[in-house]
Amino acid sequence: MDAKQIYFSEDIAHRLAAIDIGSNSVRLIVAEPLRGGSYRILDEEREPTRLGRTLSSTGRLDAESIRRTLAALRSFKQIAAGFQVDELRTIATCALRQGANGVDFCRRAKEDIGINVEVISADKEARLAFYSVQRAFDLTGKNIVLADIGGGSTEFVLASGNVIEGIHSSPLGAVRLTEVYGSDFTESAKTYEELIAGIERLLRKHTKKPPFAPHLLIGSGGTFTSLAEMIMAQKGQVDLPTRGYTVTRAELS
């Protein structure tokens with residue numbers, strides 16, 4: 001007897017899955033499109049494989065990170081198959097864009113696991129982040145700066161309402177900066193100052209002054225989620241969603 005599930009409603013007969021291969025982690029989302037353009041998330045998975053951890057020092061992806069990432073892809077593909085998805089799409093960003101052995105990684109993913117990896121440009125990565133923000137928030141009449149912090153890079157989108165005015169990409173990734181400056185500043189104020197100076201130097205090099213006075217800075221990515229959780233914990237705000245969480249300039253100063 002065929003054990004495949006049979007659906008009784010056309011609304012739930014079509015399922016999609018997406019895998020995002022980042023420099024810090026690999027993520028899976030399984031979703032069910034619904035009528036009216038909305039969707040229902042069925043599953044979300046994350047594995048911190050740190051694929052880009054040696055990128056700034058060697059220009060290559062190291063063997064252990066590759067092994068862990070391929071293992072995550074194999075597991076995610078099995079999970080997606082368990083949900084009987086009709087389409088699985090896998091995209092990759094900075095680590096595979098810049099790693100000298102990124103093409104070899106994609107070949108192994110195809111030959112060993114049967115997954116086609118699409119390596120997208122920094123510009124497309126920024127636009128996809130902006131389209132997500134557009135879908136979630138009303139940007140009408142607002143000048144915004146969207147910062148999408150990843151493990152290997154940070155993309156900035158400058159927009160007036162729903163119109164993109166400019167896109168800038170910088171090598172300000174969380175994994176990359178941790179590799180260069182370390183992560184423990186408790187005993188080294190000098191190292192922390194060097195980190196801030198390095199960030200400012202790269203911002204001047206890779207970005208330009210906005211053509212407007214921004215009303216909002218919208219943050220995308222795990223770094224902003226962690227920051228929101230820390231601020232919420234300090235305020236005693238528990239069990240609240242981080243999506244859409246707002247902090248004023250006065251609260252940050």
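Residues are numbered from 1 along each chain as its sequence is written, and side-chain values use heavy atoms, with hydrogens and water left out. As the model is predicted, local features need pLDDT of at least 70 and side-chain atom pairs count only at pLDDT 80 or more, whereas totals for chains, interfaces and linings use all residues.

The largest nonpolar core comprises 24 residues; such a core is a set of buried Ala, Val, Leu, Ile, Met, Phe, Trp, Tyr and Cys residues joined through side-chain atoms within 4.5 Å, and buried means under 20% relative accessible area (1.4 Å probe, protein chains only). Ile 21, Leu 73, Leu 96 and Phe 105 have the most contacts inside this core. Two or more residues each come from strand E1 (16–21), strand E2 (26–33), helix H2 (63–82), H3 and H4, where helices (H or I, at least four residues) and strands (E, at least two) are DSSP runs numbered from the N terminus. With six residues, H2 gives the most to this core. Leaving aside neighbours within four places in sequence, Phe 105 is in contact (heavy atoms within 4.5 Å) with Ile 21, Leu 51, Leu 61, Ile 66, Thr 69, Leu 70, Leu 73 and Leu 96. A second, separate core of 10 residues includes Ala 126, Val 133, Val 157 and Ile 218.

The second largest pocket is lined by 26 residues, and Ile 149, Leu 177, Ile 199, Thr 223 and Phe 224 lie nearest its centre. On a 1 Å grid over the protein atoms alone, a pocket is an open set of points where a 1.4 Å probe fits, with protein on both sides within 12 Å along at least five of seven lines; lining residues have an atom within 4 Å of a point. Strand E6 (143–149), strand E7 (154–160), helix H6 (174–181), helix H7 (189–206) and H8 each give two or more residues to the lining of this pocket.

Asn 101, between helix H3 (94–98) and helix H4 (102–113), is buried, with a relative accessible area of 8%. Beyond its neighbours within four places in sequence, Asn 101 is in contact with Arg 60, Leu 61 and Ile 66. Arg 50, in the loop between strand E3 (39–47) and helix H1 (55–58), has a positive phi of about 50 degrees although it is not a glycine.

Conventions. Buried means under 20% relative accessible area, exposed over 50%, partly exposed in between (1.4 Å probe, protein chains only).
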